[in-house]
Amino acid sequence: MTRPIKAIIHQRNLIHNLNLMKKLAAGRQVWAVVKADAYGHGLENVIDTLSGADALAIIDIEDVIRAREAGWDKRIVLLQGFFSSEDLKILEKYGAEPVVHNYVHLQRLEDCSSLQSLRVHIGINSGMNRFGFLPEEVNEVEKRLSAIDGIE
C-alpha cells in the first residue's frame, strides 16, 4: 500500500527563504545543502531555484555529476569526502571540493600524484563524533595538506 504523502515545493517560498538567509548572513556565503537528492525533492528540481546560493553542499559523488549536468556552475562541496583515489579524478574533473575527514582521506591525497588543482576542506569533529579530525589534529593535517602538489 502506498503512503498518501506528497511533498510540494513552493519555489517562491524557497527563493524567499534563501534571500532571507543571505540577508541575515550579512555578506557571508550561503551554501545550499541538497544532500539525499535534495531531501527527496529531486536535485534537478531545485537547482534553478537555488541559483542565488553561493555553493551546493552534496553527499554523493554521483550528485556532483548530476548538479553539473543540470547546469550548476558554482562551487560544490562534497560533505562526505571520497572513498577511492578514482573519486579524486572525478572530483577534479567536475570541480567539486571534498571534505577531508580522516587519515585515510589524507593518505589517499598524499599518494595521488596526478592532481592538478583540487580545493579541499578539513572536517573537524565538533563533538558529535561522526566525522572529522579532533581540533588538536588540525594543524598537522593542514601542514600535510599544504605539502601536497595540486591541493588548495
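The legends below describe close-up views of salt bridges and of the nonpolar core in a predicted model.

Local features are given where pLDDT is at least 70, and side-chain atom pairs count only at pLDDT 80 or more, while totals for chains, interfaces and linings use all residues. Residues are numbered from 1 along each chain as its sequence is written, and side-chain values use heavy atoms, with hydrogens and water left out.

**View 1. Asp37 and Arg66 form a salt bridge.** A salt bridge here is a side-chain nitrogen of Lys or Arg within 4 Å of a carboxyl oxygen of Asp or Glu, and a search of the whole structure finds 10 of them. Between Asp37 and Arg66 the closest N and O atoms are 2.8 Å apart. The pair links distant parts of the chain, with Asp37 in helix H2 (residues 35–39) and Arg66 in helix H4 (residues 61–69), 29 residues apart; helices (H or I, at least four residues) and strands (E, at least two) are DSSP runs, numbered from the N terminus. Asp37 counts as partly exposed at 27% relative accessibility, and Arg66 is likewise partly exposed, at 25%; buried means under 20% relative accessible area, exposed over 50%, and partly exposed in between (1.4 Å probe, protein chains only).

**View 2. Arg66 also meets Glu44 in a salt bridge.** The N to O distance for the side chains of Arg66 and Glu44 is 2.6 Å. Because Arg66 lies in helix H4 and Glu44 in helix H3 (residues 43–47), the pair ties together parts that are 22 residues apart in sequence. Glu44 is partly exposed, with a relative accessibility of 40%.

**View 3. Glu110 and Arg144 form a salt bridge.** The closest N and O atoms of Glu110 and Arg144 are 2.7 Å apart. Glu110 belongs to helix H6 (residues 103–111) and Arg144 to helix H7 (residues 138–146), so this pair ties together parts that are 34 residues apart in sequence. Glu110 is partly exposed at 30% relative accessible area, and Arg144 is partly exposed at 25% relative accessibility.

**View 4. Leu56 and Leu109 touch the most other members of the largest nonpolar core.** This core holds 36 residues, a nonpolar core being a set of buried Ala, Val, Leu, Ile, Met, Phe, Trp, Tyr and Cys residues joined through side-chain atoms within 4.5 Å. Leaving aside neighbours within four places in sequence, Leu56 is in contact (heavy atoms within 4.5 Å) with Ala32, Val34, Ile47, Ala67, Trp72, Arg75, Ile76 and Val77.
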